[in-house]
Amino acid sequence: MKQTDNNEQEYIVGITNVVSKLIAGNEHISVEEAEKRFKDSKVYEYLCHPPVPFYEEGPEDFYEMYVNLKTKGLMIDNTQLYLKNNPQLYSLHPDN
């Protein structure tokens with residue numbers, strides 16, 4: 001059980017480091033300020049306390065969720081945003 005906790009913590013730290021660098025580079029702020037902003041976000045809370053494990057998500061997904069939450073009020077990645085805006089792409093009953 002302890003190994004799992006260590007793996008989860010390493011995952012969170014790794015994602016946080018990369019997302020902080022992406023925020024810093026795109027918002028032209030220090031990495032420290034970017035990390036603070038990320039840790040103050042709902043996305044970070046989701047990263048630390050997910051409803052289900054999501055080890056397939058990478059740092060880019062969390063960065064996109066951070067940006068979309070900030071700019072659009074939606075905590076979703078760009079793929080989910082694209083599908084949300086184009087429901088005809090996954091409709092079970094497409095129009096003929």
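Among contacts in the protein between residues at least 6 apart in sequence, what percentage join residues at least 24 apart? The value is 42%, where a contact means heavy atoms within 4.5 Å. The structure is a predicted model, in which local features need pLDDT of at least 70 and side-chain atom pairs count only at pLDDT 80 or more, while totals for chains, interfaces and linings use all residues. Residues are numbered from 1 along each chain as its sequence is written, and side-chain values use heavy atoms, with hydrogens and water left out.

**The whole chain**

Begin with the entire protein in a cartoon view. The secondary structure comes to five helices and zero strands, and the pattern along the sequence reads α-α-α-α-α. Helices (H or I, at least four residues) and strands (E, at least two) are DSSP runs, numbered from the N terminus.

Next, display the surface. The protein exposes about 6,800 Å², of which carbon and sulfur atoms supply 53%; accessible areas come from the Shrake-Rupley method with a 1.4 Å probe, and for residues only the protein chains shown count as cover. Of the 96 residues, 27% count as buried. Buried means under 20% relative accessible area, exposed means over 50%, and partly exposed lies in between (1.4 Å probe, protein chains only).

Select Ser20, which is found in helix H1 (residues 2-27). Is Ser20 buried or exposed? Ser20 counts as buried because its relative accessible area is 0%. Leaving aside residues up to four places away in sequence, Ser20 touches Val31, Ala34 and Glu35.

Move on to His28, in the loop between H1 and H2. The phi of His28 is near 55°, a positive value in a residue other than glycine. Most residues other than glycine have a negative phi. With a relative accessibility of 72%, His28 is exposed.

Now show the charged side chains. A search of the whole structure finds five salt bridges, each being a side-chain nitrogen of Lys or Arg within 4 Å of a carboxyl oxygen of Asp or Glu.

Select Glu27 and Arg37, whose side chains meet in a salt bridge (2.8 Å, N to O). Glu27 lies in helix H1 and Arg37 in helix H2, so this pair ties together parts that are 10 residues apart in sequence. Glu27 is partly exposed at 23% relative accessibility, and Arg37 is partly exposed at 32%.

Then select Glu35 and Lys39, which form a salt bridge at 2.9 Å, N to O. Both residues lie in helix H2, four residues apart, about one turn of the helix. Another salt bridge joins Asp40 and Lys36 at 3.0 Å, N to O. Asp40 is exposed, with a relative accessible area of 58%, whereas Lys36 is partly exposed at 47%.

**The aromatic cluster**

The whole structure holds two aromatic pairs. Rings of Phe, Tyr and Trp (its six-membered ring) pair if their centres lie within 6.5 Å; planes under 30 degrees apart count as stacked, over 60 as edge-to-face and the rest as tilted.

Phe38 and Tyr44 make an edge-to-face pair, 5.6 Å centre to centre with 75° between the planes. The rings of Phe38 and Tyr66 have centres 6.2 Å apart and planes at 65°, so this pair is also edge-to-face. Which helices does the pair of Phe38 and Tyr66 tie together? Phe38 lies in helix H2 (residues 31-39) and Tyr66 in helix H4, so the pair joins parts that are 28 residues apart in sequence. Phe38, Tyr44 and Tyr66 form one aromatic cluster. Phe38 is buried at 0% relative accessibility, and Tyr44 is buried at 17%.

**Helix H4**

The buried residues in H4 are Pro59, Phe62, Tyr63, Met65, Tyr66 and Asn68. Gly73 follows H4 and has a positive phi, near 75°.

**A nonpolar patch**

Finally, select Tyr82, Leu83, Leu89 and Tyr90. These residues form a nonpolar patch on the surface, with about 420 Å² of accessible area together. Patches are made of residues with over 30% relative accessible area and no salt bridge: like charges are joined within 9 Å, and nonpolar side chains (Val, Leu, Ile, Met, Phe, Trp, Tyr) within 5 Å. Leu83 belongs to helix H5 (residues 78-85) and is partly exposed, with a relative accessible area of 32%.
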